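Dear colleague,

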Amino acid sequence: MSDIPRRRFLGGAVAAGLAGALVPAAQAQADTPSISADGITLTAATDGGITVRDGGGVERVRLTGFMAKDSVTGIQRTTGGTPSLLTLQDGTQAIQVDYTLPGTAAGITVRGVFSVAPHRAKLRWEVGGSTTLIPAGFMLGRTVVSPSAPESFAALTTWNRDAGGGVPYEGNAGVVYQETWADTRAYFRLATTTPAWTNATWIHAPGTGTASAAVTEADLVLGSMRPAAGGTMGAGLPLGVEVWTDQPFSLWDAGGRPMALHAEVANGGKAARNVKLSWWARDFDGKTLASGSVTGTVAAGAAWKQTFTVTSPPRGIVFTEVSATAGTDSAFARTNLAVLPPHTYQAGADSMFGIANYPWLLKPDTAAVVGLMQRLGIQRVRISYDGGPGLPPATLDAAGISHNIELAGIPLGGTAAEVAAWADANTQKAIGSGAGYFEVANEVNKPWMSGETAAAYVRDGLRPVRDRLTAAGAPTKVLNAGLAGMDHVWTKNFHDAGGWDLIDGFAFHPGRGNFTPDYAPPPEEWTQGSNGSYWNFLGGLRKAREMIAEYGHKELWLTEAYACTKPNSWWHDTYRQAAENVLLTLALAKAEGVRCVNWYQLHDSVLGKPQMADPANPEYHYGLMNRDTSAKPSMLAYATAAQVLDRATFVRWLELADPDLKGLLFSTPDGPVSILWSRKDGYLLNTDHAPGSTWFAAPEPWVDGWLTKTDLKVAAAGSSVRELDCIGRERRLTAREGKVKVRLDGAPRIYFGLTATPDQLP
């Protein structure tokens with residue numbers, strides 16, 4: 001990953017002045033030193049404040065001071081400062097501010113150094129004088145002058161290609177806070193921040209260094225460019241590219257429409273560049289739908305926008321890439337365009353289809369996110385309560401989407417008072433949310449297959465909740481803490497401790513490694529560990545049903561289900577495998593009588609770090625959508641399953657003569673539906689990886705990795721059969737004499753127009 005490197009901090013630079021980084025110059029005659037570059041001017045006030053003006057002389061931002069944090073003296077805000085003019089080693093001028101702090105700062109020192117380049121300023125605060133600094137808590141002060149919109153936050157990324165091959169991926173490239181006026185914008189760029197800690201006066205701007213000396217660096221960019229371009233310029237990168245569309249989620253309703261893909265290339269260097277901008281668009285089969293290139297000159301500190309257009313297919317996904325080159329410098333970006341026609345779902349609250357975690361990234365807005373959930377067939381949200389992340393109960397109720405609640409933090413082994421306090425607060429929260437089901441905690445079965453926490457969980461969590469719900473006369477149903485994997489050892493101990501009679505539904509999370517969803521090894525063969533066969537889907541589902549049959553009927557809930565797309569990782573799905581596995585996972589869940597599947601999660605990202613790229617963290621890659629909220633193929637696969645299985649009833653597994661060919665039969669209001677696939681290539685995925693390595697060169701999502709194709713004749717009800725692939729694209733097959741030939745491989749396909757006994761030929 002080629003993330004922006006951190007600037008080197010010279011240890012001791014604060015305590016020893018600037019350690020040669022700056023060369024003192026004569027004090028400016030004026031009490032208000034000023035420096036300028038094309039499009040920007042910085043002027044210091046006598047109190048150490050810095051005014052930032054644009055190229056037209058309009059005041060845009062004031063840098064008001066700095067806040068240090070110390071484990072002994074606490075928060076220390078600067079109270080003023082003495083400005084002076086300095087000359088940097090490269091001969092350019094900078095403003096230095098020696099800040100004053102209150103007596104309670106106990107010797108803490110803060111020095112600011114501010115320089116300019118075309119359309120941007122480099123901001124640096126050096127903190128020393130204490131051995132107990134907490135750089136992670138530093139803040140920079142700013143006032144935005146007469147903005148036309150509230151400040152907004154955006155995470156920045158760069159797209160990377162691994163030297164060993166595989167699929168490209170995004171790496172973190174810092175963050176920006178955007179300030180907006182009717183005629184221009186400004187961006188504060190930092191390496192990292194916590195948006196929740198930023199307020200109208202202070203931006204969270206953590207320092208780097210030690211508890212004795214630390215530095216906070218930021219960049220301030222002025223111009224009408226977009227956030228990514230602002231980040232490129234602030235970082236001084238030679239080139240940067242961003243792509244986007246005007247459609248929410250880059251999602252269109254129908255085929256034959258022009259899909260406009262916008263691109264902006266930024267020049268963060270010090271001289272104009274001749275830039276070639278190239279692009280392509282491919283479909284799910286790898287067919288190039290459109291491509292081209294344009295050239296143009298981009299000034300230093302400027303951005304250049306272009307729009308490319310491709311015609312939408314009737315349904316499906318379009319992968320796109322835009323690359324910029326100038327001499328030996330290059331950059332690229334990707335996004336996906338998708339087509340999903342609207343569909344009217346009928347199952348309502350009886351639907352199996354839900355979403356886990358919180359749909360908390362409400363971009364572009366709440367209404368759009370709710371509309372997307374309705375479009376995908378999501379009929380239940382696992383967690384919703386007032387004051388929690390994501391969509392509140394009232395919003396979901398208004399949209400006709402059911403909601404549950406999951407609350408953790410049970411004080412296992414705690415005092416009676418601690419247990420009662422937890423149960424009181426969380427039971428009331430569950431009742432107040434109007435949740436249909438209260439999932440009492442999450443994945444408490446650690447270590448896996450040890451059974452260690454089962455009795456304590458029943459005693460300190462589940463039973464107190466059930467007692468309070470009963471006393472309140474609440475209609476809320478109860479689920480156990482969703483188990484990590486089908487932990488039958490824990491489940492037995494849970495039953496023996498009296499837990500089974502306290503729940504209405506049994507919940508678990510069928511994690512899955514590089515196995516197809518229909519891989520079902522018997523439990524006695526499961527291997528443990530992070531890459532063990534314990535993490536299989538169908539085998540775990542069947543073990544759960546077996547235990548329900550033994551202990552007494554309960555609804556079966558998958559409160560988290562997965563198809564993680566961590567790039568170039570053999571244990572996880574490729575983007576194409578994920579789409580195939582989403583469809584098959586949901587079909588198998590329907591076949592096994594699952595009450596609800598809460599898919600984990602709606603979009604790639606981690607709560608608390610919205611849209612910050614984290615390529616090495618599997619938790620980041622579970623979404624149906626990409627970081628930029630465009631669709632993964634997985635999203636279309638989820639919608640395809642939701643549409644086909646909305647009111648479906650499972651009939652049976654098909655009995656095909658070839659044991660490597662598999663099939664499920666459902667009845668629906670639209671007639672029989674069969675889902676067929678082959679396992680001639682086996683149940684293991686991504687087997688071509690080096691021993692002992694977690695990495696492998698994943699194929700692009702339009703590459704079909706199934707080697708063996710098998711023709712099969714099945715019984716057709718008429719002359720025409722509809723075949724849908726995993727993302728819902730349709731193909732018509734012609735039947736003759738009551739038979740139709742289908743070609744099968746490891747990818748599941750859906751068939752309408754077969755008989756109710758497709759495995760019995762006439």
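To begin with the lining of the largest cavity, its largest share, three residues, comes from β25. Please keep in mind throughout that this is a predicted model.

The elements that give two or more residues to that lining are β13 (169-180), β24 (316-326) and β25 (329-339). The lining counts 26 residues, and those nearest the centre of the cavity are Trp159, Pro168, Asn336, Tyr575 and Asn626. Sorted by class, the lining has 14 nonpolar residues, together with six polar and six charged ones. The space in this largest cavity comes to about 370 Å³, and the structure holds three cavities of 30 Å³ or more.

The second largest cavity has a volume of about 60 Å³. It is lined by 13 residues, of which Lys566, Asn568, Asp573, Thr574 and Ala698 are the closest to its centre, and its lining divides into six nonpolar, five polar and two charged residues.

Turning to the helices, the axes of α6 (residues 488-496) and α7 (residues 538-551) come within 11 Å of each other and cross at roughly 15°. Angles under 35 degrees count as roughly parallel, and α6 is therefore roughly parallel to α7. The crossing of α6 past α7 is right-handed. On the α6 side, His488, Thr491, Lys492 and His495 meet Lys543, Met547 and Tyr551 of α7, a contact that has two nonpolar, three polar and two charged residues.

With best regards

Definitions and conventions. Residues numbered from 1 in each chain as written. Predicted model: local features only at pLDDT ≥ 70, side-chain atom pairs only at ≥ 80, totals over all residues. Heavy atoms only, no water. 1 Å grid on protein atoms, 1.4 Å probe; cavity = no way out; pocket = protein on both sides within 12 Å on 5 of 7 lines; lining within 4 Å. Points joined across faces, edges and corners; volume = space filled by probe spheres on them. Helix = DSSP H or I, 4+ residues; strand = E, 2+ residues; numbered from the N terminus. Nonpolar A, V, L, I, M, F, W, Y, C, P; charged D, E, K, R; others polar. Axes fitted to C-alpha atoms, helices over the stretch in contact; angles between N-to-C directions. Parallel < 35°, antiparallel > 145°, perpendicular 65-115°, else oblique. Left-handed = near helix turned anticlockwise from the far one by under 90°. Contact = heavy atoms within 4.5 Å.
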